Amino acid sequence: MKARISDDAVAIACGADAVAAAFEKAGVEVERVSSWGMHWLEPLVEMDGVGYGPVSPDQIAAILSGSAPSIGRIADHPFITRQTRLTFARAGKTRPTSLDDFYATAGWIGLAKAREIGPEAIVETLIASGLRGRGGAGFPAGIKWKTVAGAISDQKYIVCNADEGDSATFADRMVMEGDPFMLIEGMAIAAFAVGASKGYVYIRSEYPHAIAKMQAAVIACAHLIAPFVIEVRVGAGAYVCGEETSLLNSLEGKRGEVRAKPPLPALEGLFGKPTVVNNVLTLAAVPWILAHGGDAYAAFGMGRSKGTMPVQLAGNVKHGGLFEVAFGITLGELVHDIGGGTDSGRPVRCVQVGGPLGAYIPPSQFDLPFDYEAFAAADALIGHAGITVFDDTVDMAQMARFAMEFCAIESCGKCTPCRLGSTRGVETIDQIIAGKNVEANLALIADLSETMKFGSLCALGGFTPYPVMSAINHFPEDFR
Amino acid sequence: MTNIADILAEHEGSEGPLLPILHDVQRIFGHVSEDAMREIAHALNLTRAEVYGVVSFYHDFRKESDTRPVIKLCRAEACKARGVEALVPQADSQTRVRIEAVYCLGLCSVGPAAMIGDQVYARLNQERLVSLMETA
């Protein structure tokens, strides 16, 4: 009998190491695996397929004697059976840095297929899959690869953007901590497709567990991806470095200031060379697409949003965690049916989708389907598909203020609307909260938002108006 | 590695090595001093202003030494939704540890969350945070 316990950061933060130690002390073999993504049950213990959670060390005797309540077979749990797990197919099932486990679960098949069909066919497959950048911008990945493949240069780079700074997002972290070889396989396929010899994974410093796992995995499989070489680089606490050009400057050892585009990074990226910059989830989706074909991937989803999206349920939600599903599911299904409403038991007041730059959405719009275009039409964005749930105790004026404050703290300072606008935004919202010239100041915020939206160089200043204006428009009573 | 020259030697031949060098200096010395910046600038053929600009840009690098333990407390939206703001007055009422705001530790479904060194903590309440502040 083996106790399978996750060594993902969420599990560890919830006490998984102490639970694992207690099982070992009781003479039970412990296997540390990736997380199933059912975070409200962490630390989750699996024995012969049956799950127990959340487990504390004092419950181990009861689990071993069979008297502890279980959640049944984990694989049959509705939270799992309702998902379409392509990217997270191995979640909960394999030891993250075990090459044996990776081989045994169809690892490297996508790369083998890629080497068989050659660079041009790889790009065609990716275009056929309809895969769009999962970092937030939603740009077609195949088109980006085609541009880099067509560029003439002595040196090209693959850069994996693992600077997952948005609140409510943790899918990148879970890929790196749970299935690092899949990400490496995706990067190796990209490198082969565009003719790159060097790859960087830029991971934020707030993710020490992901950094350690990626470093171990890169060393363990270096011989399988050669001559392509991957190096792990660590960020230094700047949110704006999640923006691709800022990330490139940071990799070069500079201040993480945003670059004006053009030139596109695909043509003049890292050290001025053609560079593929893709998010973790984008690259992680690639092995499945190569192994099963572009059309198989495109069969999932709706409209121009093809495939699946690892949705992250966070904040004040009862069943928080990772839920991978085909595009098209509605927000209401995700929040209520899957997420189970709030953790506090109070009514849901709103959700924020897409991190700190995403709009606040009231329950009256919960019929919105998860689709890039549908969200854009509703003045919202999917971003990295993180959903933060708030109950009715939230003060939306404070959340609007925080959006401006966050932008002020994290602005790189390169463009004026973002650098100054955010600070003026905080001051103006403070006036509104204090009840001074409320209508005039609200008009001023609307005007400022317009300037930031259209005048900023990147999404930080450009999208901060989304949470601010959506809070004002949907919850005017909190501002007056 | 005990001095800046050793750290610099470790990164020789690496592309764009400034951030990895600064991380090592910060980790070993607890801050990046003016002398360290001068030596790094000289070795990488950069101006002191360029190195200073990088050190001051990133939240992870500190120019002055502070030997107190650090608790990074997540103050981002998901942790706010789970009540982190109610913990802040208590955290700010002591000086034994330095409380730094961090915007997301990726533990957004089990907040409030915090990090001390590489150790992560979730589902914090007043009592657990006090215990972290006493033992960090």
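Before we start: helices here are DSSP runs of H or I with at least four residues, strands are runs of E with at least two, and both are numbered from the N terminus. Keep in mind that this is a predicted model.

**Exercise 1.** Find where Trp108(A) and Ala106(A) sit, and decide whether each is buried, partly exposed or exposed.

*Solution.* 
- Start with the place: Trp108(A) is in the loop between α5 and α6 of chain A. Ala106(A) lies in the loop between α5 (99-104) and α6 (109-117) of chain A.
- Now check phi. Ala106(A) has a positive value near 70° without being a glycine, and Trp108(A), not a glycine either, has a positive phi of about 70°. That's worth a look, because most residues other than glycine have a negative phi.
- Finally, count neighbours. The cut-off for buried is 20 or more other C-beta atoms within 10 Å. Trp108(A) has 20, so it is buried. Ala106(A) has 15 C-beta neighbours inside 10 Å, so it counts as partly exposed.

**Exercise 2.** Take helix α18 of chain A, check its span and work out what covers its buried residues.

*Solution.* 
- The helix runs over residues 396-410, which is 15 residues. From first C-alpha to last it reaches 21 Å, close to the 21 Å expected at 1.5 Å a residue.
- Its buried residues include Met396(A), Met399(A), Phe402(A), Phe406(A) and Glu410(A).
- The cover over the buried residues of α18(A) includes β14 (360-361), α19 (416-433), α21 (459-463) and α22 (465-474) of chain A.

**Exercise 3.** Which strands stand at the edges of the chain B sheet?

*Solution.* 
- Write down the order: β2-β1-β3-β4, an open sheet of 4 strands with mixed pairing.
- Read off the ends: β2 (98-102) and β4 (119-121) of chain B each have a single partner strand, so one side of each lacks a neighbour in the sheet.
- The twist averages 25° from one strand to the next.
- Zoom in on one pair: β3 (residues 114-116) of chain B and β4(B) run antiparallel over 3 bridges. Within β4(B), Val120(B) is the bridge partner of Met115(B).

How values were computed: Residues are numbered from 1 along each chain as its sequence is written. Chains are lettered from A and ligands numbered from 1 in the order in which they are written. This is a predicted model: local features need pLDDT of at least 70, side-chain atom pairs count only at pLDDT 80 or more; totals for chains, interfaces and linings use all residues. The expected span of a helix is 1.5 Å times one less than its number of residues. A residue is buried if 20 or more other C-beta atoms lie within 10 Å of its own, exposed if 12 or fewer, and partly exposed in between; C-beta atoms are placed from the backbone. Two residues are in contact if their C-beta atoms, placed from the backbone, lie within 7 Å. Two strands pair if DSSP finds at least two bridges between them. Axes are lines fitted to C-alpha atoms, for helices over the stretch in contact, and angles run from 0 to 180 degrees between N-to-C directions.
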